[in-house]
Amino acid sequence: MIACENLGRRYGEFWALRGVTFEVGRGVVLGVLGPNGAGKTTLVRILTTELMPSEGRASVAGFDVVGEAEKIRRVVAAVPQESRPIDFLTPYEFVLSYLLLRGLSLREARRRAREALEEFGLWEVRDREVDTLSGGMKRRVLIAAVFAADADVVFLDEPTTGLDVYSRRLVWNSVAEMKRRGSTVVLTTHYVEEAAALSDVVLVLSGGRVVDLAPPERLVEKVPGRYVVEVYGADGGVAEAKSVVDIGGRRLYYVDSAPASAELTKLGTRVVVRQKSLEDYVLLTVGELGHEDS
Ligand SMILES: Nc1ncnc2c1ncn2[C@@H]1O[C@H](COP(=O)(O)OP(=O)(O)OP(=O)(O)O)[C@@H](O)[C@H]1O
């Protein structure tokens, strides 16, 4: 459904994306993870035909992003980063006009607009001006419109940034539903647990390059050891640790077996033992998300 071959984008002398090669099929949720400036939005903008690549090729739904951009626009739906719905419309008018512009009949557009606004908990506020809604509600209006469009390929660029737990869960459910309907979903996010919960495959970018492309559980398997001992404050060290990471006032030890509780009490003021996760993969390979690549 999406294929990139040696894809690159340059701004002047600076390569924001380089040598990106990957393929994902129909009905797949592709999570895109990477630190600030890794190239996630650049990749999404090229695939949604908003930005031309500087080198390489990419196709979406079998259409070339350069030569067949018009065809791609008919089969994709996107919520760009930090986008907002048109302020002077109501949620109902916004979703309805989005569907009509995509070529749906009035009858079908009305049916889908209602269904999507209900799905996103917006039916009660359907006739209020978007301008008067909270930031999280505005975001939900956009995602509801894309959800209602039932496109072959959906791009969600950081869809849950700034959303509360309830709204985030609504978005998560809608991604699962889009996948169930057969859409391919590309989801960029800084929330690692979100990528882990929703993605079939995770594309890890750093400094414009592909670091890895694999199902989340495969990436977690690459983390050394089985457990993580998180120690807050001063600590005496864990002798048999396979790897150690320092973040802020926290030190993480990757170990094969959980230390006995007597040993834990000696370690520091606060100690947590947990299973390794996708967040540990990210910490060990690309550092903390949210940090600019150097
Ligand atoms: N129009 C532009 N002109 C020059 N440089 C740009 C432009 N757009 C993006 N860049 C640079 O390209 C790199 C990749 O940016 P991009 O927005 O794709 O990263 P990102 O992974 O989406 O980051 P974030 O997580 O912060 O949204 C960054 O170093 C950015 O500064």
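What is the order of the strands in the open sheet of four strands that holds β2, β1, β4 and β5 in antiparallel pairing?

## The model and its overall build

The order in that open sheet is β2-β1-β4-β5, and the sheet belongs to a model that is predicted, in which local features need pLDDT of at least 70, side-chain atom pairs count only at pLDDT 80 or more, and totals for chains, interfaces and linings use all residues. Residues are numbered from 1 along each chain as its sequence is written.

The protein has ten helices and 14 strands, where helices (H or I, at least four residues) and strands (E, at least two) are DSSP runs, numbered from the N terminus. Along its principal axes the C-alpha trace spans about 70 × 45 × 35 Å. Of the 294 residues, 41% count as buried; a residue is buried if 20 or more other C-beta atoms lie within 10 Å of its own, exposed if 12 or fewer, and partly exposed in between, with C-beta atoms placed from the backbone. Among contacts between residues at least 6 apart in sequence, 70% join residues at least 24 apart, a contact being a pair of residues whose C-beta atoms, placed from the backbone, lie within 7 Å.

The unreviewed UniProt entry carries the annotation "domain: ABC transporter" for residues 2-232; UniProt positions are given in the numbering used here, feature names are shortened, and annotations may be inferred rather than shown by experiment. In the model, this span is 36% helix and 29% strand, and its end C-alpha atoms lie 43 Å apart.

Two strands pair if DSSP finds at least two bridges between them, and β4 (residues 55-60) pairs with β5 in the antiparallel sense over two bridges. Within these strands, Ser-59 stands opposite Asp-64 in β5.

The loop between β4 and β5 contains Ala-61, which has a positive phi near 55° although the residue is not glycine. Ala-61 counts as partly exposed because 17 C-beta neighbours lie inside 10 Å. Another residue other than glycine with a positive phi is Thr-49, with a value near 65°. Thr-49 lies in the loop between α1 (40-47) and β4, and it counts as buried because it has 21 C-beta neighbours inside 10 Å. As background, most residues other than glycine have a negative phi.

## The sheet β12-β13-β11-β14

A further open sheet of four strands has the order β12-β13-β11-β14, again with antiparallel pairing. Its edge strands, which pair on one side only, are β12 (243-247) and β14 (270-275). Strand β12 pairs with β13 (residues 250-255) in the antiparallel sense over five bridges, and Asp-246 stands opposite Arg-251 in β13.

Arg-270 has its place in strand β14 and counts as exposed because 12 C-beta neighbours lie inside 10 Å. Leaving aside residues up to four places away in sequence, Arg-270 touches Tyr-232 and Gly-233.

The 16 residues of α6 (residues 165-180) should span 22 Å at 1.5 Å a residue, and the end C-alpha atoms are 23 Å apart, which agrees; the expected span is 1.5 Å times one less than the number of residues. The buried residues of α6 are Ser-167, Leu-170, Val-171, Ser-174, Val-175 and Met-178. Seen down the axis of α6, they fall within an arc of 140°, so they line one face of the helix, the arc being that of the directions from the helix axis to the C-beta atoms. On the other side of α6, Val-165, Tyr-166, Arg-169 and Arg-180 are exposed. The cover over the buried residues of α6 includes α4 (106-119), α5 (135-149) and β7 (153-157). Gly-182, which follows α6, has a positive phi near 105°.

For α4, the buried residues are Ala-109, Arg-112, Ala-113, Ala-116 and Leu-117. Seen down the axis of α4, these residues fall within an arc of 130°, so they line one face of the helix. What covers them includes α3 (91-101) and α5. Just after α4, Gly-121 takes a positive phi of about 65°.

Methods. Two residues are in contact if their C-beta atoms, placed from the backbone, lie within 7 Å.
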